[in-house]
Amino acid sequence: MQDQARVVIIGGGIVGCSTAYHLARLGWRDIVVLDQGPLFHNLGSSSHAPGLMFQHNNSKTVCTLARWSVETYLGAERLAPAGSGRSVWQVGSLEIAHSPQRWEELKRKLGNSRAWGLEAQLIGPGEVKRLVPIMYTDDLYGAFYVPSDCDVKGEVVCETLAAHAQKDGAATFYANTPVTGVEVKGGRAVAVQTPHGRLQAELIVCAAGLWGPVIGRMAGVHVPLTPCQHLYVKTRPLPELAGETEWVRHPVVRDQDQDMYYRQYANAYGFGSYRHDPLLVPADELPHNDHPAIFPFTAQHFEESWEDAAHRIPALAKAELDLQFNGLFSFTPDGNSILGETPDVRGFWVAEAVWVTHAGGVGRALAEWLVAGEPSIDLREVDVNRFQLHMPSAAFVRARGERQYIEVYDVIHQLQPPATARELRLAPYHARLQALGAELFESAGWEKAQWYSANEDLLGEFKPAPRRAGWAARFWSPTIGAEHQAARERVGLFDLTAFTKIEVTGPGALGFLQRLTANQMDRPVGSITYTSLLTPRGGIRADLTVTRLGDERFWVLTGGGSGLLDLAWLRFHAPGDGSVHIQNVTSAYAALGLWGPRAREVAQPICENDLSNTAFPYMTAQQIYLEYLPVTALRISYAGELGWEFYTPTEYGLRLWDTLWAAGQPHGLAAVGGGAFDSLRLEKGYRLWGSDIHTEYNPLEAGLGFAVRLKKGDFIGREALAQIKAHGLTRKLCAMTFDDPSVAIMGKEPIFAPGGEQALGYVTSANYGYSVGQSIAYGYLPLEHAAPGTPVEIYYYGQRHPARVRPEPLYDPENVKLKC
Ligand code: FAD
């Protein structure tokens with residue numbers, strides 16, 4: 001075996017093959033793929049998958065990865081070397097509904113698919129019967145039909161992709177070559193060890209599927225996934241399909257209410273079931289035999305599914321089995337794949353927990369990332385750096401992995417909090433939240449109040465919110481409206497402890513932050529600056545504030561959920577000469593927001609520092625005392641009101657709550673939860689990273705040009721942004737309000753020109769504005785549709801709702817409230 005390569009890919013399953021294929025297409029050579037077992041008919045999951053591909057996903061990223069996979073597999077097959085077997089059947093897919101809840105869910109999916117540009121239809125039972133004549137359809141409401149979905153033969157896809165990758169010697173594949181060690185020197189992976197020798201490489205990609213955690217450990221990187229058993233059967237020929245010769249002609253089918261899926265094999269049928277307890281297997285305990293990813297078929301786990309299958313496809317009632325097996329695949333705590341490189345071990349990339357459905361796209365995204373330095377789509381939802389500290393623990397991976405398996409086909413509301421592994425991160429004043437009847441949601445492991453039942457008492461004191469019904473009424477309470485108005489008209493106390501707080505210090509800190517941020521950082525000590533961090537292409541990689549606490553000391557404050565991605569980005573770009581220190585100080589500080597027109601009246605009596613507008617102006621920070629408590633106070637507000645973010649060492653956090661609470665009672669202080677916080681920020685037009693902005697959008701089209709200083713000197717993304725500015729924008733993030741203010745939507749809905757067929761864009765954020773009395777949606781629109789007053793239609797649940805582009809922000813456009 002050779003002893004050097006540009007890139008070594010560990011694992012010759014569909015992910016490894018796809019990555020090699022795309023790297024070769026982008027012009028890389030000297031690619032090596034190693035597998036511990038045989039190639040193509042591999043030891044892992046790819047050779048066992050029945051290969052159903054459903055492209056639709058609530059996540060645009062995951063849907064795009066699936067669409068790229070279809071393109072990859074079809075493209076590779078078209079150019080396949082003579083003699084290669086067929087690997088892809090583009091037969092379409094059906095997700096059937098026999099409950100009203102599922103039918104409603106399919107309507108939501110239709111909206112979603114239009115938003116993502118995936119062609120789909122809702123069809124009636126008659127049309128379902130035409131497409132799959134052997135299905136019982138009398139009890140169906142209908143089905144969600146995606147004509148471009150596919151079924152693939154995993155091992156043939158692998159062989160085809162590998163054949164392309166090996167063309168002209170770009171890639172070399174080695175079978176029976178297990179990686180036994182990963183050498184890391186000075187924080188960089190430099191080589192792999194195998195029984196056939198050491199192989200040095202510039203880059204190493206871990207695509208080892210179920211064995212990802214084992215390989216990750218060799219490099220010192222967490223790969224939080226768990227192998228999970230999954231049962232599948234295939235029948236002998238069915239008389240009802242006699243004469244059928246095409247390998248797959250019927251669309252692939254999901255019957256999610258029964259946790260089942262079906263596919264045709266010419267004159268036979270196959271089906272799989274999630275209708276059993278999750279049967280997890282630790283990655284370390286995978287057997288060392290010829291079939292490590294196949295476990296004994298446990299008939300008791302399939303009994304109920306048999307009955308359901310016979311009901312749905314009556315021909316299966318008397319079917320005999322040709323094959324039954326129990327294969328292993330991977331589940332992660334949030335159900336998403338794991339991609340990318342960590343700043344701890346540079347040069348070691350992971351591409352793990354990837355379905356056949358997404359492997360073609362994952363290979364493409366990873367190859368783009370390796371070759372160009374950044375992928376062409378936003379990958380935040382699958383980034384390896386998204387996991388909070390507790391998430392790689394085996395217990396957490398098991399607890400959440402199990403839920404993912406159980407809920408894989410369930411109708412899950414986008415706000416539904418996870419049921420397991422809760423109460424992990426508690427603010428020091430958590431008992432106070434509970435005492436106020438907090439409705440607790442979870443974010444990044446933190447328990448956060450969405451609203452407080454104690455505030456039901458406020459309902460009679462403010463304008464009532466329009467009543468919600470159905471889907472939009474779930475995980476919502478009219479109390480949210482009262483809390484919102486309490487903050488706007490009086491004063492609110494907000495739990496901000498979950499914010500990620502990063503301290504950047506050292507003689508190189510200013511220069512480093514100047515290079516990473518788009519705004520001017522060279523401001524006096526005590527300044528707060530709102531800024532984006534950009535990718536080289538000018539995409540918004542992070543959206544945060546930087547507070548200068550000293551000449552060489554800065555606080556970078558960012559969201560709780562996205563914080564570790566931002567931390568990783570900072571660490572990736574930090575100079576290695578010791579001039580900059582980056583520390584995650586999230587756990588060191590509790591944080592509370594005190595916002596509302598009466599905030600000064602609450603805080604001044606317990607503070608000996610002058611809190612007047614002159615002494616403590618907007619966008620500045622000071623070290624103060626609130627009663628006995630040492631506090632770093634930031635005069636800033638994501639709610640758009642007068643007030644401060646107060647940061648205090650964690651052990652003072654409970655006392656800070658109590659002190660502010662007591663001081664606030666004469667002024668009508670109310671605790672305000674996350675539901676109201678979101679509607680406050682949307683009225684004010686404050687963008688949310690991950691929804692309104694991310695790497696696919698630049699600050700100019702996002703309306704954040706005011707926080708960019710192209711003339712300050714060089715910074716990452718500056719060149720690209722200058723080009724974008726010179727060429728002019730094509731789209732813009734717009735505020736829209738519905739003609740009927742009682743319309744409540746949830747986000748991700750497609751936006752159309754009146755009567756138009758092609759979506760102009762989709763809703764990035766939506767909520768009711770309880771102060772402005774409007775139902776608000778934000779989304780990017782082509783410039784010709786972006787002028788205030790332009791009518792649009794937003795599709796939700798089978799209906800188009802008229803709306804209109806509005807000047808933004810809708811609340812306090814002159815920032816009078818903030819600056820008083
Ligand atoms: P694998 O195919 O497992 O490949 C990983 C490779 O890494 C293996 O070949 C292994 O030998 C190699 N390796 C491991 N350790 C080492 C080492 N130390 N050194 C060298 N090589 C190593 N997906 C769908 O999209 N649709 C479906 O319908 C579908 N149905 C499924 C049904 C079943 C029963 C199962 C089991 C899976 C199904 N899947 C389906 C999931 C899908 O098969 C997997 O997600 C996918 O194949 C994973 O591909 P991979 O390349 O990551 O992993």
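The largest cavity has a volume of about 100 Å³. Select Arg468, Pro741, Val743, Ala744 and Tyr768, which of its 16 lining residues are the closest to its centre. Here a cavity is a set of points on a 1 Å grid over the protein atoms alone where a 1.4 Å probe fits but cannot get out, and a lining residue has an atom within 4 Å of a point. A volume is the space filled by probe spheres set on the points, which are joined across faces, edges and corners.

The model is predicted: local features need pLDDT of at least 70 and side-chain atom pairs pLDDT 80 or more, while totals for chains, interfaces and linings use all residues. Residues are numbered from 1 along each chain as its sequence is written, and side-chain values use heavy atoms, without hydrogens and water.

Next, colour β36 (761–769) and β37 (774–782), each of which supplies at least two residues of the largest cavity's lining. The largest share, 3 residues, comes from β36. Strands (E, at least two residues) and helices (H or I, at least four) are DSSP runs numbered from the N terminus.

Both strands belong to a barrel of 6 strands, closed in the order β34-β37-β36-β35-β38-β39 with antiparallel pairing. Two strands pair if DSSP finds at least two bridges between them. Phe752 stands opposite Glu793 in β38.

Move to the second largest cavity, with about 40 Å³ of space. Select its lining: Met521, Arg523, Ser527, Thr529, Val546, Thr547, Arg548 and Phe554. Strand β26 (residues 540–550) gives the most to this lining, with 3 residues.

Now go to the second largest pocket, of about 680 Å³. Among its 35 lining residues, Trp369, Gly373, Glu374, Pro375 and Trp569 are the closest to the centre. A pocket is an open set of points with protein on both sides within 12 Å along at least five of seven lines. Show helix α13 (residues 563–573), which gives the most to the pocket's lining, with 4 residues.

Finally, zoom out to the whole chain, which has 17 helices and 39 strands. Its C-alpha trace spans about 85 × 65 × 50 Å along the principal axes. Buried residues (under 20% relative accessible area, 1.4 Å probe, protein chains only) make up 60% of the 820 residues.

Notes: Buried < 20%, exposed > 50% of the residue type's maximum accessible area, 1.4 Å probe, protein only.
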